[in-house]
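Me: Could you walk me through this model with a few questions and answers? I would like to start with the fold and end on a single residue.

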Amino acid sequence: METKVFFLPGDAVTLRQDIPNKPVMYVVKKVTKTITFGNPNSQTKNDYFQGFLCRWFTKDGTVQNEVYNTKDLI
């Protein structure tokens with residue numbers, strides 16, 4: 001059985017895929033999407049997990065942000 005890995009803000013992560021110039025990124029926050037269902041009088045709100053916002057710097061010093069799924073990070 002596979003153990004689940006949980007990331008916290010400030011953790012250093014990298015991509016699972018083997019690509020050239022793979023950046024070392026930092027987890028900034030957990031990203032969720034809220035969807036409301038039903039009529040205006042009785043609305044139901046559900047939060048769905050989308051991924052983690054990761055931040056890294058390129059070689060020329062610009063900041064990059066991207067949301068990644070937990071399956072893509074190690």
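Me: In what order do the elements of the protein run from the N terminus on?
Reply: This is a predicted model, in which local features need pLDDT of at least 70 and side-chain atom pairs count only at pLDDT 80 or more, while totals for chains, interfaces and linings use all residues. Residues are numbered from 1 along each chain as its sequence is written, and side-chain values use heavy atoms, with hydrogens and water left out. Helices (DSSP H or I, at least four residues) and strands (E, at least two) are numbered from the N terminus. The protein has 0 helices and 4 strands, and the order is β-β-β-β.

Me: What is the radius of gyration of the protein?
Reply: The C-alpha atoms fill a box of roughly 50 × 40 × 20 Å along the principal axes. For the radius, taken over C-alpha atoms, the globule rule is 2.2 Å times the number of residues to the power 0.38. A compact globule of 74 residues would come near 11 Å, but the protein has 16 Å.

Me: What share of the 74 residues is buried?
Reply: Buried means under 20% relative accessible area, with a 1.4 Å probe and protein chains only. By that cut-off, the buried share of the protein is 20%.

Conventions. Buried < 20%, exposed > 50% of the residue type's maximum accessible area, 1.4 Å probe, protein only.
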